[in-house]
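Please look at the structure below and follow it step by step. The text starts inside one chain and then turns to the pairing of two chains.

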Number of protein chains: 2
Amino acid sequence: MAVGLHDFPLIPEIKGIRIGVAQAGIKKPNKKDLVIFEICEGASVAGVFTQNAFCAAPVRICHQHLDLAASRYLLINTGNANAGTGKPGLEAAFETCDALAGLVGVKRESILPFSTGVIGELLPVDKIVAAIPDAVANLSATNWQSAGIGIMTTDTLPKGSVRTFEFDGQTYTIGGISKGAGMIRPNMATMLGYICTDIAIETALLQDILKDTVNKSFNRITIDSDTSTNDSCIAIATGCAGNAKIASLEEPLAQAFVAAFTEVMQELAHAIVRDGEGATKFVTVEVTGTREKDDATKVAFEIAHSPLVKTALFASDPNWGRILAVVGRAGAAGLNVDGVQLHINGVEIARNGGRSPDYLEEQGKQAMAPEEIHIVVDLGMGQCSDVVWTTDFSHEYVTINAEYRT
Amino acid sequence: MAVGLHDFPLIPEIKGIRIGVAQAGIKKPNKKDLVIFEICEGASVAGVFTQNAFCAAPVRICHQHLDLAASRYLLINTGNANAGTGKPGLEAAFETCDALAGLVGVKRESILPFSTGVIGELLPVDKIVAAIPDAVANLSATNWQSAGIGIMTTDTLPKGSVRTFEFDGQTYTIGGISKGAGMIRPNMATMLGYICTDIAIETALLQDILKDTVNKSFNRITIDSDTSTNDSCIAIATGCAGNAKIASLEEPLAQAFVAAFTEVMQELAHAIVRDGEGATKFVTVEVTGTREKDDATKVAFEIAHSPLVKTALFASDPNWGRILAVVGRAGAAGLNVDGVQLHINGVEIARNGGRSPDYLEEQGKQAMAPEEIHIVVDLGMGQCSDVVWTTDFSHEYVTINAEYRT
């Protein structure tokens with residue numbers, strides 16, 4: 001049911017990155033479920049992670065390892081989230097790190113582990129350890145699509161994005177993959193996202209750019225309002241392009257990089273929404289005219305989370321009263337309901353807090369028919385705005401989530 | 001699909017109250033959709049209303065009229081919410097008040113109007129005005145069940161509750177009706193609730209008791225997290241029982257009254273959840289061990305709103321990881337995840353933030369099988385707690401809300 005999700009793009013070699021994929025049999029036999037990224041020495045690695053207090057064991061370890069050593073490998077499994085597993089979960093994740101570290105000859109702290117899948121079951125360490133040699137033997141610069149497939153859970157399609165840009169005669173490449181279809185309301189990160197580039201950039205600056213860009217991409221999507229325990233987003237800059245290391249956002253190259261990086265991040269974030277569980281619509285919710293940006297963000301998320309709005313979207317029903325009802329309860333400071341306007345796909349539906357005098361139900365039906373829906377709510381109080389992206393709520397969503405573990 | 005909702009109770013005559021019901025043909029022909037309550041002179045009338053900024057025209061008028069005059073009649077229609085209708089909506093509601101006021105010989109301000117149904121369509125004033133004489137001619141002390149039916153929208157059953165209690169040889173009666181099945185996350189009131197008693201009590205005290213009791217009943221239920229534009233809850237004390245007017249909560253009679261009143265309010269609130277759109281479960285979410293009560297309330301509502309928890313409840317799937325994930329993101333101050341415990345219907349599922357060592361999946365399945373589910377999450381940090389009531393999320397919910405206007 002993915003909405004407007006195109007074929008996986010051709011991501012060219014990004015110098016300094018090799019990817020290995022294997023079948024560990026964690027969830028189902030004969031499925032790619034183990035992915036290793038190999039990172040060259042000297043690369044800058046940045047990460048943002050879930051703010052969920054019940055964060056998974058691998059997330060806790062990533063925080064530690066990023067502080068302790070230069071990251072040389074990402075070790076990613078799907079089929080088991082290793083969350084809600086307490087101390088045994090931490091030990092299990094360390095065991096898998098040790099297995100990879102021993103095989104490739106780096107220290108444990110140079111491995112960043114990631115897990116996604118069912119919460120609350122112990123990680124099958126033996127299966128993962130047994131498959132690590134296959135993944136290492138398989139390392140290649142061209143394994144991006146396999147990696148996209150290897151990190152899927154309830155995703156129906158692998159998700160990738162790539163941009164190249166030229167600057168002073170040098171070509172730079174940014175490529176990435178993401179996964180996630182349910183338990184999606186990222187808070188400082190997404191389910192899983194990995195973005196690599198050959199540009200050279202200081203680690204601290206890359207971290208700042210990642211954090212800022214996440215707030216314009218993964219942190220502005222929601223499928224079901226549930227923040228995952230495993231959200232992780234990693235940016236890797238290998239430096240193999242050979243440019244003088246970027247050290248400041250003021251540099252023209254930094255600005256070109258941020259523009260392309262933001263496009264990749266947004267495309268990966270949108271891909272998660274387009275492949276959202278049971279999604280039949282890709283919905284952009286834009287709230288404008290607030291006094292503070294936080295108010296716009298809050299109202300947009302409340303609209304995006306409302307089951308009544310989402311089921312109306314599923315039915316292509318221009319039930320605008322439900323949208324105004326959410327605006328009314330969302331708690332924007334100083335709201336004057338008589339100043340609220342609502343457009344859906346360009347059709348003015350509400351003006352001055354009520355139905356527009358010229359609006360006809362038939363226009364609303366036409367506006368709601370496409371797969372891509374753009375809702376704009378103008379609160380008419382100020383100059384701030386924000387945008388979030390979401391899906392509708394379908395029978396398929398209930399089916400997927402009622403049967404997830406069966 | 002109502003869960004454990006019993007037959008409408010026999011509500012005896014409450015002296016000072018008469019109820020008239022008619023068919024105005026607002027939504028469908030030949031359905032009861034207009035209800036009038038006649039209140040004797042000298043009664044105390046209290047009300048609490050939605051906090052939604054897009055509150056409906058009748059809610060605005062109720063606020064005004066309660067300040068201006070003693071209330072003598074409630075005028076309630078279903079099939080049209082008269083919300084999102086701007087100034088024409090206010091004028092329409094006033095017209096219906098005038099029609100009733102003229103017929104029964106009171107002033108406009110003695111009428112409290114209420115509407116429920118589709119948002120954003122103009123109230124069919126002519127149909128209501130034409131049916132008012134029928135409702136007035138039909139006034140009787142025994143019309144409670146007809147009134148329960150006359151205020152239904154997507155409700156599948158009428159909802160009523162009654163308690164009598166004795167004090168000093170005198171019998172007092174409290175009876176009420178409620179409605180609501182979707183757009184239910186009341187904020188200071190419910191969709192519609194009307195509770196009458198023959199006790200004599202000061203209006204200001206009745207208002208205090210109503211507000212307090214709403215916070216233990218209607219304000220602790222949620223079906224879909226969407227606060228309605230029309231929530232209204234009215235308490236009427238006719239004083240016909242002849243007791244010395246209660247003026248203080250300290251009086252023993254006041255305490256007996258509050259206890260019985262709370263039972264009626266909670267039963268009416270629970271009835272709304274039991275008849276929630278698509279409900280197959282009645283779910284009690286109890287959060288204990290927080291430092292502040294607000295934290296318990298917040299965590300309980302977050303669990304009750306999570307689509308992932310609700311679909312797992314629909315599937316009778318003891319997917320406790322989803323509950324812990326909500327606890328982790330809900331933002332309780334000072335949360336130590338290693339101290340969290342989870343019981344479902346008496347079975348200990350999680351201890352110390354992870355799966356209980358003795359827990360077997362089979363026990364969880366048995367615990368989740370009944371229609372009535374009691375979830376207890378102990379955060380282990382303090383002495384505060386709160387309880388909310390909710391439903392699961394089923395295919396039927398999506399069907400009802402995708403097809404509501406078709």
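How many residue pairs are in polar contact between domain 1 of chain A and domain 2 of chain A? The count is two residue pairs, with both residues of each at pLDDT 80 or more. This is a predicted model, and the values below are computed from it.

To place that count, begin with the division of the chain. In chain A, domain 1 covers residues 17-274, and domain 2 covers residues 282-402. Between the C-alpha centres of these two domains of chain A the distance is 33 Å. The domains do touch: 15 residues of domain 1 of chain A are in contact with 15 residues of domain 2 of chain A. Together the two domains of chain A bury about 1,300 Å², and 60% of that area is on carbon and sulfur atoms.

Charged side chains also take part. The rule finds one salt bridge across the interface of domain 1 and domain 2 of chain A. A:Arg274 and A:Glu372 form a salt bridge, in which the closest N and O atoms are 2.6 Å apart. On the side of domain 1 of chain A that touches domain 2, the elements giving two or more residues are β9 (221-222) and α6 (252-274) of chain A. Of these, α6(A) provides the largest share, four residues. By type, the residues on this side of domain 1 of chain A are three nonpolar, seven polar and five charged.

Another salt bridge can be found within a helix. The side chains of A:Lys298 and A:Asp295 meet in a salt bridge, with 3.7 Å from N to O. Both belong to helix α7 (residues 293-305) of chain A, and because they are three residues apart there, about one helical turn separates A:Lys298 from A:Asp295. Over all chains, the structure holds 24 salt bridges.

Now turn to the two chains. The contact between them takes 52 residues from chain B and 52 residues from chain A. Chain B and chain A bury about 4,200 Å² between them, with 59% of it on carbon and sulfur atoms.

Several elements of chain B supply the side that touches chain A. Those that give two or more residues are α8 (307-314), α9 (320-329), β14 (354-355) and α11 (395-402) of chain B. The largest share, nine residues, comes from α9(B). The residues on this side of chain B divide into 23 nonpolar, 18 polar and 11 charged.

The last step concerns how the two chains are arranged. In general, two copies of a chain are related by a rotation about an axis and a shift along it. Here, chain B is superposed on chain A by a rotation of 180° with 0.0 Å of shift along the axis, and the RMSD is 0.0 Å. That is the relation of a two-fold axis. In chain B, the C-alpha nearest the axis belongs to B:His395 and is 2.8 Å from it. The same surface serves both copies, since 100% of the contact residues of chain B recur in chain A.

Definitions and conventions: Residues are numbered from 1 along each chain as its sequence is written. Chains are lettered from A and ligands numbered from 1 in the order in which they are written. This is a predicted model: local features need pLDDT of at least 70, side-chain atom pairs count only at pLDDT 80 or more; totals for chains, interfaces and linings use all residues. Side-chain values use heavy atoms; hydrogens and water are left out. Contact means heavy atoms within 4.5 Å. Buried area is the accessible area (1.4 Å probe) that two parts lose on being put together, summed over both. Ala, Val, Leu, Ile, Met, Phe, Trp, Tyr, Cys and Pro count as nonpolar, Asp, Glu, Lys and Arg as charged, and the others, Gly among them, as polar. Copies are superposed by least squares on the C-alpha atoms of residues with pLDDT of at least 70 in both. Domain bounds come from an automatic or database domain assignment. A salt bridge is a side-chain nitrogen of Lys or Arg within 4 Å of a carboxyl oxygen of Asp or Glu. A polar contact is a pair of N or O atoms within 3.5 Å; within protein, one must be able to donate a hydrogen and the other to accept it, and residues adjacent in sequence count only if both atoms are side-chain atoms.
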